[in-house]
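Subject: Structure for you, with notes

Hi,

Here is the structure I promised. Please open it first, then read my notes alongside.

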Amino acid sequence: MIRIGHGYDVHKLGADRRLVLCGTDIPYEKGLVGHSDADVAVHALMDAILGALALGDIGKLFPDTDPAYKGADSMVLLMDVIQRMTGAGYRLGNLDITIIAEKPKLAPYIMEMRDNLAAVFGCELSQVSVKATTEEGLGLAGQGIGAHANVLLMKC
Ligand code: MG
């Protein structure tokens, strides 16, 4: 049996914040604003996994009103979601993330992002796709960064 899920998230860019995407720190004059480390790509990915399993969403699991998650490392939250996936008897088939950002250029960091994700899933690099696109100055228009994620999960 297979299950698919989709996740989508957007965070605003702001001053004096780290820019963390798929667990990789990216040097930039701004970072993403949020209760946790605001890793928008990992947030979309977690929602995709939870969606595939009909287990709700990260807002329910890790509420941003809970001080426990202030400044939280989203990769650690992802490990929790992966445990829930495994607990439900599923493993990753593949995942595909699209990050939407006008700036900065993300191409130099894509391989590291894939490595980070493959490491937490304990899967092959070929199961993990991370892509980046702009919206040609439309849409988020440099005010924020968004991400879509799709996952396919397979019954163990
Ligand atoms: Mg978020």
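One caution before the details: this is a predicted model.

**Pocket**

Start with the largest pocket. Two helices, α1 (40–52) and α2 (58–61), each give at least two residues to its lining. The space inside comes to about 210 Å³. The lining has 13 residues, and those closest to the centre are Ser-36, His-43, Ile-58, Phe-62 and Asp-64. By type, the lining splits into 6 nonpolar, 6 polar and 1 charged.

**Sheet**

Next, the sheet. It is open and has 5 strands, in the order β4-β1-β7-β5-β6, with mixed pairing. Which strands sit at the edges? They are β4 (31–32) and β6 (128–133), and each of them pairs on one side only. Helix α1 packs on this sheet. It touches β1 (2–14), β4, β5 and β7. The directions of α1 and β1 make an angle of about 155°.

Now the pairings, strand by strand:

- β1 with β4: antiparallel, over 2 bridges. Leu-13 has Leu-32 in β4 as its bridge partner.
- β1 with β7: antiparallel, over 11 bridges. His-11 stands opposite Ile-145 in β7.
- β5 (residues 90–100) with β7 (residues 144–155): antiparallel, joined by 10 bridges. Here Asp-96 stands opposite Asn-150 in β7.

As a reminder, strands in a sheet pair through backbone hydrogen bonds, parallel or antiparallel.

**Two helix residues**

Is Leu-117 buried or exposed? Its relative accessible area is 0%, and buried means under 20%, so Leu-117 counts as buried. This residue lies in helix α4 (residues 110–121). Beyond its neighbours within four places in sequence, Leu-117 is in contact with Cys-22, Val-42, Leu-45, Met-75, Leu-78, Leu-95, Ile-97, Val-128 and Val-130. Tyr-8 is 109 residues away from Leu-117 along the chain, and their C-alpha atoms are separated by 17 Å.

Met-79 belongs to helix α3 (residues 74–87). Its relative accessibility is 42%, so Met-79 counts as partly exposed: the range for that label lies between the 20% limit for buried and the 50% limit for exposed. Met-46 is 33 residues from Met-79 along the chain. The C-alpha atoms of this pair are separated by 9.4 Å.

**Backbone points to check**

Go to Lys-103 and Pro-104. A cis peptide bond joins them, with omega at about -10°. Pro-104 is placed in the loop between β5 and α4.

Then look at Cys-22, in the loop between β2 (20–21) and β3 (24–25). Its phi is near 50°, a positive value in a residue other than glycine. Cys-22 has a relative accessible area of 0%, so it is buried. Cys-22 is also among the contacts of Leu-117.

Is Ala-54 buried or exposed? At 60% relative accessibility, it counts as exposed, because the cut-off for that label is over 50%.

Best wishes

Notes:
Residues numbered from 1 in each chain as written. Predicted model: local features only at pLDDT ≥ 70, side-chain atom pairs only at ≥ 80, totals over all residues. Heavy atoms only, no water. 1 Å grid on protein atoms, 1.4 Å probe; cavity = no way out; pocket = protein on both sides within 12 Å on 5 of 7 lines; lining within 4 Å. Points joined across faces, edges and corners; volume = space filled by probe spheres on them. Helix = DSSP H or I, 4+ residues; strand = E, 2+ residues; numbered from the N terminus. Nonpolar A, V, L, I, M, F, W, Y, C, P; charged D, E, K, R; others polar. Pairing = 2+ DSSP bridges. Contact = heavy atoms within 4.5 Å. Axes fitted to C-alpha atoms, helices over the stretch in contact; angles between N-to-C directions. Buried < 20%, exposed > 50% of the residue type's maximum accessible area, 1.4 Å probe, protein only.
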